[in-house]
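Reader: Please show me the structure, and then let us discuss it through questions and answers.

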Amino acid sequence: MAIQISPSILSADFAHLADEAAAVSPSADWLHVDVMDGHFVPNLTLGLPVVESLLKATDTPLDCHLMIEDPDRWAPAYAEAGAGSVTVHARAASAPVRTLREIRRLGARAGLALNPAEPVEPYADIVGEMDMLLLMTVEPGFGGQSFLDVVLPKIRRAREILDTREASVWLQVDGGVSAETIERAAEAGADVFVAGSAVYGAQDPAKAVESLRALAVEAAGGR
Ligand SMILES: O=C(CO)[C@H](O)[C@H](O)COP(=O)(O)O
Ligand SMILES: [Fe+2]
(Lines give C-alpha, C1' and ligand atoms only; values in the text may rest on other atoms or scores of the structure.)
(Ligands and ions follow the chains in the order given, each with its own letter.)
Protein backbone atom coordinates (compact mmCIF):
# COMPACT_ATOMS: atom_id res chain seq x y z
CA MET A 1 0.00 0.00 0.00
CA ALA A 2 1.32 3.43 -0.93
CA ILE A 3 2.09 5.81 1.90
CA GLN A 4 -0.59 8.48 2.33
CA ILE A 5 -0.55 11.77 4.24
CA SER A 6 -3.70 13.28 5.74
CA PRO A 7 -3.07 16.81 7.09
CA SER A 8 -5.33 17.66 10.03
CA ILE A 9 -7.15 20.98 9.85
CA LEU A 10 -7.32 20.93 13.66
CA SER A 11 -4.13 23.00 13.54
CA ALA A 12 -5.36 25.26 10.71
CA ASP A 13 -7.00 28.68 10.95
CA PHE A 14 -10.72 27.87 11.33
CA ALA A 15 -11.68 31.31 9.98
CA HIS A 16 -9.98 30.49 6.66
CA LEU A 17 -10.61 26.80 6.15
CA ALA A 18 -10.96 26.98 2.36
CA ASP A 19 -7.54 28.67 2.06
CA GLU A 20 -6.04 26.22 4.55
CA ALA A 21 -7.37 23.29 2.52
CA ALA A 22 -5.94 24.82 -0.65
CA ALA A 23 -2.55 25.22 1.03
CA VAL A 24 -2.10 21.44 1.26
CA SER A 25 -4.17 20.28 -1.71
CA PRO A 26 -1.18 20.02 -4.12
CA SER A 27 0.42 17.30 -2.02
CA ALA A 28 -2.13 15.89 0.45
CA ASP A 29 -3.94 12.61 -0.18
CA TRP A 30 -6.70 13.49 2.27
CA LEU A 31 -7.81 16.35 4.47
CA HIS A 32 -8.30 15.07 8.03
CA VAL A 33 -11.27 16.67 9.77
CA ASP A 34 -11.44 16.24 13.56
CA VAL A 35 -15.05 16.33 14.71
CA MET A 36 -15.15 16.70 18.52
CA ASP A 37 -18.36 17.04 20.52
CA GLY A 38 -17.14 18.18 23.94
CA HIS A 39 -18.43 14.90 25.45
CA PHE A 40 -16.49 11.97 24.00
CA VAL A 41 -13.45 14.23 24.25
CA PRO A 42 -13.10 17.42 26.33
CA ASN A 43 -12.94 19.68 23.29
CA LEU A 44 -15.40 21.06 20.77
CA THR A 45 -14.50 21.69 17.15
CA LEU A 46 -16.87 21.49 14.20
CA GLY A 47 -19.61 19.34 12.76
CA LEU A 48 -21.61 18.47 9.68
CA PRO A 49 -22.34 22.02 8.40
CA VAL A 50 -18.62 22.82 8.26
CA VAL A 51 -17.89 19.49 6.58
CA GLU A 52 -20.57 20.25 3.98
CA SER A 53 -18.98 23.64 3.29
CA LEU A 54 -15.50 22.12 3.07
CA LEU A 55 -16.74 19.56 0.57
CA LYS A 56 -17.73 22.44 -1.71
CA ALA A 57 -14.46 24.29 -1.10
CA THR A 58 -11.92 21.55 -1.91
CA ASP A 59 -11.44 18.58 -4.23
CA THR A 60 -9.21 16.85 -1.67
CA PRO A 61 -11.22 13.97 -0.17
CA LEU A 62 -12.24 14.45 3.46
CA ASP A 63 -11.08 11.99 6.10
CA CYS A 64 -13.58 12.61 8.91
CA HIS A 65 -12.45 11.48 12.35
CA LEU A 66 -15.48 11.46 14.61
CA MET A 67 -14.58 11.91 18.27
CA ILE A 68 -18.21 11.98 19.33
CA GLU A 69 -20.67 10.07 21.44
CA ASP A 70 -23.28 7.98 19.65
CA PRO A 71 -21.46 7.75 16.31
CA ASP A 72 -23.97 5.04 15.29
CA ARG A 73 -26.49 7.85 15.01
CA TRP A 74 -24.33 10.60 13.47
CA ALA A 75 -21.67 8.92 11.30
CA PRO A 76 -23.96 8.01 8.36
CA ALA A 77 -24.74 11.69 7.73
CA TYR A 78 -21.04 12.40 7.08
CA ALA A 79 -20.91 9.58 4.54
CA GLU A 80 -24.12 10.75 2.95
CA ALA A 81 -22.78 14.31 2.71
CA GLY A 82 -19.86 13.04 0.62
CA ALA A 83 -16.94 12.48 3.00
CA GLY A 84 -14.43 10.07 1.44
CA SER A 85 -13.74 8.35 4.73
CA VAL A 86 -15.61 8.28 8.04
CA THR A 87 -13.94 6.90 11.18
CA VAL A 88 -15.74 6.14 14.44
CA HIS A 89 -14.23 5.28 17.82
CA ALA A 90 -14.80 1.66 18.84
CA ARG A 91 -15.54 2.53 22.46
CA ALA A 92 -18.16 5.11 21.48
CA ALA A 93 -20.07 2.89 19.06
CA SER A 94 -22.72 0.56 20.46
CA ALA A 95 -23.06 -1.31 17.15
CA PRO A 96 -19.73 -0.85 15.36
CA VAL A 97 -20.30 -3.49 12.68
CA ARG A 98 -23.69 -2.07 11.75
CA THR A 99 -22.28 1.46 11.65
CA LEU A 100 -19.24 0.47 9.55
CA ARG A 101 -21.57 -1.28 7.11
CA GLU A 102 -23.84 1.74 6.94
CA ILE A 103 -20.90 4.06 6.21
CA ARG A 104 -19.83 1.76 3.36
CA ARG A 105 -23.37 1.45 2.04
CA LEU A 106 -23.49 5.24 1.78
CA GLY A 107 -20.35 5.26 -0.34
CA ALA A 108 -17.57 6.24 2.08
CA ARG A 109 -14.60 4.28 3.37
CA ALA A 110 -15.30 3.02 6.89
CA GLY A 111 -12.75 3.43 9.67
CA LEU A 112 -12.56 2.17 13.26
CA ALA A 113 -10.42 4.04 15.81
CA LEU A 114 -8.72 2.82 18.98
CA ASN A 115 -7.31 4.97 21.78
CA PRO A 116 -3.71 4.38 22.92
CA ALA A 117 -4.65 1.99 25.76
CA GLU A 118 -7.25 0.03 23.78
CA PRO A 119 -6.04 -3.34 22.46
CA VAL A 120 -6.42 -4.30 18.81
CA GLU A 121 -6.94 -8.04 19.32
CA PRO A 122 -10.68 -7.86 20.18
CA TYR A 123 -11.27 -6.36 16.71
CA ALA A 124 -9.24 -8.92 14.74
CA ASP A 125 -12.35 -10.80 13.63
CA ILE A 126 -14.07 -7.71 12.22
CA VAL A 127 -11.22 -6.19 10.19
CA GLY A 128 -13.11 -7.30 7.07
CA GLU A 129 -15.83 -4.81 8.01
CA MET A 130 -13.45 -1.84 7.83
CA ASP A 131 -11.44 -0.02 5.19
CA MET A 132 -9.12 1.58 7.73
CA LEU A 133 -7.99 0.97 11.30
CA LEU A 134 -6.94 4.15 13.12
CA LEU A 135 -4.54 3.79 16.01
CA MET A 136 -4.39 6.96 18.08
CA THR A 137 -0.82 7.88 19.01
CA VAL A 138 -2.04 10.53 21.49
CA GLU A 139 -5.07 10.58 23.76
CA PRO A 140 -7.74 12.11 21.51
CA GLY A 141 -8.99 15.65 22.06
CA PHE A 142 -6.22 18.07 21.24
CA GLY A 143 -3.63 18.79 18.59
CA GLY A 144 0.03 19.45 19.32
CA GLN A 145 0.56 16.59 21.79
CA SER A 146 3.63 14.35 21.85
CA PHE A 147 3.65 11.05 19.94
CA LEU A 148 3.20 8.09 22.32
CA ASP A 149 5.93 5.54 21.63
CA VAL A 150 4.07 3.03 23.81
CA VAL A 151 1.68 2.54 20.86
CA LEU A 152 4.46 1.24 18.56
CA PRO A 153 4.13 -2.46 19.59
CA LYS A 154 0.39 -2.24 18.89
CA ILE A 155 1.07 -0.80 15.42
CA ARG A 156 3.28 -3.84 14.77
CA ARG A 157 0.62 -6.26 16.04
CA ALA A 158 -2.08 -4.52 13.99
CA ARG A 159 0.12 -4.76 10.88
CA GLU A 160 0.46 -8.50 11.44
CA ILE A 161 -3.28 -8.97 11.95
CA LEU A 162 -4.11 -6.94 8.81
CA ASP A 163 -1.50 -8.73 6.72
CA THR A 164 -2.79 -12.15 7.69
CA ARG A 165 -6.50 -11.38 7.58
CA GLU A 166 -7.27 -8.51 5.22
CA ALA A 167 -4.36 -6.90 3.43
CA SER A 168 -6.45 -4.13 1.90
CA VAL A 169 -7.27 -2.43 5.23
CA TRP A 170 -5.29 0.79 5.69
CA LEU A 171 -3.51 1.38 8.99
CA GLN A 172 -3.66 5.03 10.05
CA VAL A 173 -1.84 6.72 12.92
CA ASP A 174 -2.99 10.03 14.36
CA GLY A 175 -1.35 12.28 16.94
CA GLY A 176 2.11 13.74 17.31
CA VAL A 177 3.19 12.63 13.83
CA SER A 178 6.14 14.78 12.74
CA ALA A 179 9.50 14.58 11.01
CA GLU A 180 10.87 13.24 14.32
CA THR A 181 8.30 10.45 14.75
CA ILE A 182 6.90 9.42 11.35
CA GLU A 183 9.74 7.02 10.55
CA ARG A 184 9.11 5.00 13.74
CA ALA A 185 5.41 4.69 12.90
CA ALA A 186 6.12 3.77 9.26
CA GLU A 187 8.74 1.19 10.24
CA ALA A 188 6.17 -0.36 12.63
CA GLY A 189 3.70 -0.75 9.77
CA ALA A 190 1.45 2.32 9.51
CA ASP A 191 0.62 3.52 6.00
CA VAL A 192 -1.71 6.53 6.45
CA PHE A 193 -0.34 9.39 8.53
CA VAL A 194 -2.35 12.23 10.05
CA ALA A 195 -0.30 15.33 10.84
CA GLY A 196 -1.73 18.58 12.17
CA SER A 197 0.80 20.81 13.86
CA ALA A 198 3.72 19.39 11.83
CA VAL A 199 1.97 20.53 8.63
CA TYR A 200 0.09 23.69 9.55
CA GLY A 201 2.84 24.87 11.88
CA ALA A 202 5.32 24.77 8.98
CA GLN A 203 6.25 27.74 6.77
CA ASP A 204 5.15 25.83 3.68
CA PRO A 205 2.43 23.26 4.54
CA ALA A 206 2.46 21.56 1.11
CA LYS A 207 6.22 21.09 1.35
CA ALA A 208 5.90 19.73 4.89
CA VAL A 209 3.49 17.09 3.56
CA GLU A 210 6.03 16.06 0.92
CA SER A 211 8.87 15.90 3.47
CA LEU A 212 6.78 13.69 5.76
CA ARG A 213 5.86 11.43 2.84
CA ALA A 214 9.52 11.05 1.81
CA LEU A 215 10.52 10.07 5.36
CA ALA A 216 7.68 7.54 5.65
CA VAL A 217 8.35 5.98 2.23
CA GLU A 218 12.01 5.55 3.11
CA ALA A 219 11.25 4.05 6.53
CA ALA A 220 8.58 1.71 5.13
CA GLY A 221 11.24 0.36 2.77
CA GLY A 222 8.98 -0.09 -0.24
CA ARG A 223 6.42 -2.07 1.76
O1 LIG B 1 -7.39 13.49 16.34
C2 LIG B 1 -6.61 14.34 16.70
C3 LIG B 1 -6.52 14.71 18.15
O4 LIG B 1 -7.47 14.03 18.86
C5 LIG B 1 -5.78 15.08 15.68
O6 LIG B 1 -6.05 14.56 14.40
C7 LIG B 1 -4.30 15.03 15.93
O8 LIG B 1 -3.95 15.31 17.21
C9 LIG B 1 -3.56 15.88 14.91
O10 LIG B 1 -2.81 16.88 15.48
P11 LIG B 1 -1.22 16.78 15.76
O12 LIG B 1 -0.58 16.23 14.52
O13 LIG B 1 -0.85 18.18 16.06
O14 LIG B 1 -1.04 15.85 16.93
FE1 LIG C 1 -7.75 13.07 14.26
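**Questions on a predicted model**

Author: Ser178 lies in the loop between β7 (170–174) and α6 (182–188); helices (H or I, at least four residues) and strands (E, at least two) are DSSP runs, numbered from the N terminus. This is a predicted model, in which local features need pLDDT of at least 70 and side-chain atom pairs count only at pLDDT 80 or more, while totals for chains, interfaces and linings use all residues. Residues are numbered from 1 along each chain as its sequence is written, chains are lettered from A and ligands numbered from 1 in the order in which they are written, and side-chain values use heavy atoms, with hydrogens and water left out.

Reader: Is Ser178 buried or exposed?

Author: Buried means under 20% relative accessible area, exposed over 50%, and partly exposed in between (1.4 Å probe, protein chains only). Leaving aside neighbours within four places in sequence, Ser178 is in contact (heavy atoms within 4.5 Å) with Ala198 and Leu212. Because its relative accessible area is 14%, Ser178 is buried.

Reader: With which side chain does the side chain of Gln172 make a polar contact?

Author: Gln172 is found in strand β7 and, at 0% relative accessibility, counts as buried. Not counting residues up to four places away in sequence, Gln172 touches several residues, including Ser6, His32, Asp63 and Val194. A polar contact is a pair of N or O atoms within 3.5 Å; within protein, one must be able to donate a hydrogen and the other to accept it, and residues adjacent in sequence count only if both atoms are side-chain atoms. At 3.0 Å, the partner of the Gln172 side chain is the side chain of Asp63.

Reader: Why are the buried residues of α3 on the same side of the helix?

Author: The buried residues of helix α3 (residues 71–81) are Pro71, Asp72, Ala75, Pro76, Tyr78 and Ala79. They are on the same side of α3 because they cover an arc, taken from the directions from the helix axis to the C-beta atoms, of only 160°.

Reader: Which residues are exposed on the other side of α3?

Author: The buried residues of α3 have cover that includes β2 (31–36), α2 (48–57), β3 (62–67), β4 (85–89) and α4 (96–105). On the other side of α3, the exposed residues are Arg73 and Glu80.

Reader: What is the relative accessibility of Phe40?

Author: Phe40 lies in the loop between β2 and α2. Not counting residues up to four places away in sequence, Phe40 touches Met67, Ile68, Glu69, His89, Arg91 and Ala92. Phe40 counts as buried, because its relative accessibility is 18%.

Reader: How much of the accessible area of ligand 1 does the protein cover?

Author: An oxygen atom of ligand 1 is 2.8 Å from an N or O atom in the side chain of Asp34. A polar side-chain atom of Asp174 lies 2.7 Å from an oxygen atom of ligand 1. Of the 370 Å² of accessible area (Shrake-Rupley method, 1.4 Å probe; for residues, only the protein chains shown count as cover) that ligand 1 has on its own, the protein covers 100%.
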